[in-house]
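Me: Could you take a close look at the sheet in this protein, with the helices that pack on it and any cavity beside them? I would enjoy one connected walk through that part.

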Amino acid sequence: MRRRAVDFRRPARRGLSRWIWTLLGAFFVAGLVLFALQHNHGGDEMRKPATDKSASLFKESHRNSNFTEQMVSAMSYSRQLAEQMILAKAYLIVAKEHNNPHLAWQLSSKIRRCQLALSKAAMRGEPIKFEEAEPLIKSLSSLIFNAQDMHYDIATTMMTMRSHIEALEERANAALVQSAVFGQLAAEALPRSLHCLSVKLSLDWLKKLPLQKLADNTRKYPQLVDNNLHHFCIFSDNVLATSVVVNSTVSNANHPKQIVFHILTNGVNYGAMQAWFLSNDFKGSTIIVQNIEEFSWLTPTYAPVLRQLSDADSQAYYFGNPQDTKDEPKLRNPKYISLLNHVRFYIPEIYPQLEKVVFLDDDVVVQKDLMSLFSIDLHGNVNGAVETCLEAFHRYYKYLNFSNLEISSKFDPQTCAWAFGMNVFDLVAWRRANVTARYHYWQEQNSERTLWKLGTLPPGLLAFYGLTEPLDRRWHVLGLGYDMNLDDHLIESAAVVHFNGNMKPWLKLAIGRYKPLWDRYLNRHHPYIRDCAVS
């Protein structure tokens, strides 16, 4: 049988296979489409709960956070309102400058409503609610949009804003100066409770003659000149502060009966000091109170600071109107030129028979036994003190005027400074080096206040230059009268903590975190302390 030619053969089988492959391809494409649709539908279903969940979490976070947390959160309603208010205030100024009272009134009204809502939220301590915030945000946004649509002249607007910023800066600077003056006045003022205590004790001194006789007998105590005992000096006109220093020292001493306190005060507070320390027992320690006005040798002829006290310029500087000079208010505190503050440079003459003493300021609290201070080897130096150059800028150039040739030629500006407040003085070495004469020289050189301006530390740095032995930092920790961020472990390890600064522990300005360190040594059971409501 003859085969047909190739061109005349039937294509039946090949056509069938093409249709099969076409149908399979169509089914595959349809399957892909259905799969894609199903996948997208499932994704939507999954995204919807996630979105709902995030929204609910956002609302939940608004409910759970307090007002302060909301103000620092970039997503909070309170923060949004506050930022819109700032922008609205800027446009309010611009609207007033361009004589658009209607827009200015609308902006003012909305700003007041926002302030009211924020203040209510702050008072109740809870975050602002969505229902409260939404209408305010929308209405304020609309007003800001309208203000932007006014197309104010940009250059004029910038000049206006700049002038207002400069005016605000001037007001802020004036407020800072005024605040500093008020703070200094508050620090210098004697609290009513302390005045009450001093008056009651002074009356006791005047009325009770046995106290006066007992005071005369204390002058004859042999312990006062016994170099085998431990002698502490405190120079102060504050009865309560001195009492805390003494009480904290004996409370932490292993052998308080071996301690002798030499308290020096002025004539005004002499009776109150005597009445307090003669009427109270301090664990058997010996206490002598002296009146600085009885030192006949301490005259203007001998002491430069007394000459400066009587100088008309010094009187005007320290006791005049605080706003008559551009100097900082703290530089004009009269205590910096008071004799009671400068008498520390005359310790060897006040106690001619003593060989070593520990000097304590009246704003310190003793937390450890200090007896081992007397056995520290000062290596021939006069002054044992804690250095403060670990703190920022506490070197000689911070306290002294090194543009003065005499200062710059004799002292190294990078020398580490140290602190008064807790010092060990070798009086034998002091007399040998004639430190008091050094002090006199520099005090006279500074009669015009050109070498330094503040306190007794600068002349101390000059007088004890090359004669100071650094002590372990834990003996004396400073800053409790101004620094709110001292390390707790450092305070706990300190033998003496010092409330240097304006925030003294007996003032309402005191830093609350440190005040209990001082309060624990206050004799609250004494009737005068209760009557005078000493806090």
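Reply: Mean pLDDT, the predictor's confidence in each residue from 0 to 100, is 82 for the protein, with 76% of its residues at 70 or more. Residues 1-14 stay under 50, and the model gives them three contacts (heavy atoms within 4.5 Å) beyond four places in sequence. Over residues 41-64 the pLDDT is also below 50, with eight contacts beyond near neighbours in sequence. Since this is a predicted model, local features need pLDDT of at least 70 and side-chain atom pairs count only at 80 or more, while totals for chains, interfaces and linings use all residues. Residues are numbered from 1 along each chain as its sequence is written, and side-chain values use heavy atoms, leaving out hydrogens and water.

Now to the sheet itself. Seven strands form an open, mixed sheet in the order S3-S2-S1-S4-S7-S6-S8. Strands (E, at least two residues) and helices (H or I, at least four) are DSSP runs numbered from the N terminus, and two strands pair if DSSP finds at least two bridges between them. At the edges, S3 (286-291) and S8 (468-471) each pair on one side only. Neighbouring strands are turned by 25° against each other on average, direction ignored; axes are lines fitted to C-alpha atoms, for helices over the stretch in contact, and angles run from 0 to 180 degrees between N-to-C directions.

Two helices pack here. H9 (residues 239-251) touches S1 (230-235), S2 (259-265), S3 and S4 (356-360), its direction making about 170° with that of S2. H10 (residues 267-279) touches S2 and S3, at about 165° to the direction of S3.

Elsewhere in the sheet, S6 (residues 383-386) and S7 (residues 422-426) run antiparallel, joined by two bridges, and Gly-384 stands opposite Val-424 in S7.

H10 and S3 also each supply at least two residues to the lining of the second largest cavity. Its lining comprises Thr-218, Gln-274, Phe-277, Leu-278, Ile-287, Ile-288 and Val-289.

Definitions and conventions: 1 Å grid on protein atoms, 1.4 Å probe; cavity = no way out; pocket = protein on both sides within 12 Å on 5 of 7 lines; lining within 4 Å.
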